[in-house]
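User: I've got a structure open and I'd like to know where its labels come from. Can we go through some of them together?

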Amino acid sequence: MTYVEEVMDRVKKMNPGEPEFQLAVKEVLQSIEPVVAAHEEEYRKSQLLERLVEPERSVSFRVPWVDDKGDLHINRGYRVQFNSALGPYKGGLRFHPTVNRSVLNFLAFEQTFKNALTGQSIGGGKGGANFNPKGKSDREIMAFCQSFMSELFKYIGPNEDVPAGDIGVGGREIGYLYGQYKRLTNQYEGTLTGKGLGYGGSLVRTEATGYGLVYITEEMLNASGKTLKGATVAVSGSGNVATYAVEKAQQMGAKVVTVSDSDGYIYDPNGIKVEVVKDIKEERRGRISDYAKEVAGSEYFQGKKVWDVKCDVALPCAIQYELELEDAKKLVSNGCIAVAEGANMPTTEEATEYLQSQGVLFMPGKASNAGGVAVSALEMSQNSMRIRRSFEEVDKQLNDIMKDIWAQVSTAADDYNRSGNYVAGANIAGFRRVVKAMRDQGWV
């Protein structure tokens, strides 16, 4: 049994009932196997992989809150602080019914390598709660956020752990969380990112993940002699990532024809009107089906996925494992040439392997959705220096970071005879940076 196989077996035994985490570890370990083989004796002696797959710290806690009817509810909150070799733990908070330890271990493990790719001094973490903000009033969400932060604040700080938003945690929630943190600590500091512009937030942070996704997609296409200009693009989701991926892709000359939510998708053959999506989702907090009622020529498909639509480029921006093998087959049969992940691991293992086997350009989320955390780190630096950079300055930095990530991923794949396999390239590039820091610090 190889060292990688031994560690994978250990992960299964120590994390039973955690399929998401086991799959994330398997994907990374398989990708880095040639790197491990070249240093196996050293890595075994230091138990590097055992350290790498075990979070440094993981906490869970109850979150009691009272709804508008006066009824008490109890949810479970988490924070997984996975690896701090490169800097303070950094990663989002997710409020969604699917949140559990397995999902957060998977996301925090992924975040470690994603953050490494940005080149910035940030480690990997993730947190959240099995709370569903949908259908809740502003007061109920504020009550939940304040209760959640009343426990979380003990484990975070600007030089320790800096959470941000994720699914179910947008600007409103970050505001409530930050207000409670400040109230409890009496500190006005950069402990949360994604803050409002009036109290320490950064320009471009809202747009960052979607914009960064499009920037690296264009780099990947350019390397194969193609471009987004004139391409038809299918986007899933209608949250921040999807909305701003639509906006930037259209600015770069593409025609985006779909957006979706958990109920179904919109097809607009004339190109998605991003201002309508913003109004529905950001202002009214409505369902995407409203788009079809307001935009002539568009159609709403209840209970369907966007991958039925013919497109050149697919950008999954909703949630993990939304793009399955059958969806991948539809994309290939419809002539799709590139897939880049906007969400965290939205493509199943089988679908990823099929797309790669069919010659579809594929960029994994740990590289392609790193724009959000990259700008979060820029927000941290602005908070530390008490400055604010212009939209143009931050957007240029974001573009430069995504170009650098592309170069790292492509070069790492080439270095290990896996040219064109950007899943392997992203994992190897992130792994090399994390491992060097761990070695230099005494294998911490």
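User: Why is Glu393 called partly exposed?

Analyst: This is a predicted model, and in it Glu393 has a relative accessible area of 44%. Buried means under 20% and exposed means over 50%, so 44% makes Glu393 partly exposed. You'll find Glu393 in helix α17, residues 391–415.

User: What makes Val204 buried?

Analyst: Its relative accessible area is 2%. The cut-off for buried is under 20%, so Val204 counts as buried. Val204 sits in the loop between α8 (171–185) and α9. Val204 also has a positive phi of about 80°, even though it is not a glycine.

User: Where is Gln47, and why does it count as partly exposed?

Analyst: Look at the loop between α4 (40–46) and α5 (48–52). Gln47 has 44% relative accessibility, so it counts as partly exposed. Its phi is positive too, near 50°, in a residue other than glycine.

User: How do you know that Thr352 is buried?

Analyst: Thr352 comes out at 12% relative accessibility. With buried set at under 20%, that value puts Thr352 in the buried class. Thr352 is part of helix α14 (residues 349–357). Not counting residues up to four places away in sequence, Thr352 touches Thr347, Phe362 and Val423. Val423 is 71 residues from Thr352 in sequence, yet their C-alpha atoms are 9.0 Å apart.

User: Lys248 is buried, so what makes you say it has no salt bridge?

Analyst: Check the distance: the nearest side chain of opposite charge is Asp395, 4.3 Å away. A salt bridge needs nitrogen and oxygen within 4 Å, so Lys248 has none. Asp395 still counts as a contact of Lys248, as do Tyr211, Val214 and Tyr215, leaving aside neighbours within four places in sequence. Lys248 itself is in helix α10 (residues 240–251).

User: Why are α9 and α10 called oblique?

Analyst: Helix α9 (residues 208–223) packs against α10 at an angle of about 45°, their axes 7 Å apart. That makes α9 oblique to α10, because roughly parallel needs an angle under 35 degrees and roughly perpendicular needs 65 to 115. Residues making the contact include Tyr211 and Val214 of α9, and Tyr244 and Lys248 of α10.

User: And what makes α1 and α2 roughly antiparallel?

Analyst: Here the angle is about 170°, between α1 (residues 3–14) and α2 (residues 19–31), with axes 10 Å apart. Over 145 degrees counts as roughly antiparallel, so that is the label for α1 and α2. Among the residues in contact are Val7 and Val11 of α1, and Phe21 and Leu29 of α2.

User: How do you know that Asp161 and Arg79 form a salt bridge?

Analyst: Their closest N and O atoms are 2.7 Å apart. The limit is 4 Å, so the pair qualifies as a salt bridge. Asp161 belongs to strand β5 (residues 161–164) and Arg79 to strand β2 (residues 72–83), so the pair ties together parts 82 residues apart in sequence. Asp161 and Arg79 are both buried.

User: Why are Glu40 and Arg44 said to be about one helical turn apart?

Analyst: They are 4 residues apart in helix α4, which means a separation of about one helical turn. Glu40 and Arg44 form a salt bridge as well, with closest N and O atoms 3.0 Å apart.

Notes: Residues numbered from 1 in each chain as written. Predicted model: local features only at pLDDT ≥ 70, side-chain atom pairs only at ≥ 80, totals over all residues. Heavy atoms only, no water. Helix = DSSP H or I, 4+ residues; strand = E, 2+ residues; numbered from the N terminus. Buried < 20%, exposed > 50% of the residue type's maximum accessible area, 1.4 Å probe, protein only. Lys, Arg positive; Asp, Glu negative; His and termini not counted. Contact = heavy atoms within 4.5 Å. Axes fitted to C-alpha atoms, helices over the stretch in contact; angles between N-to-C directions.
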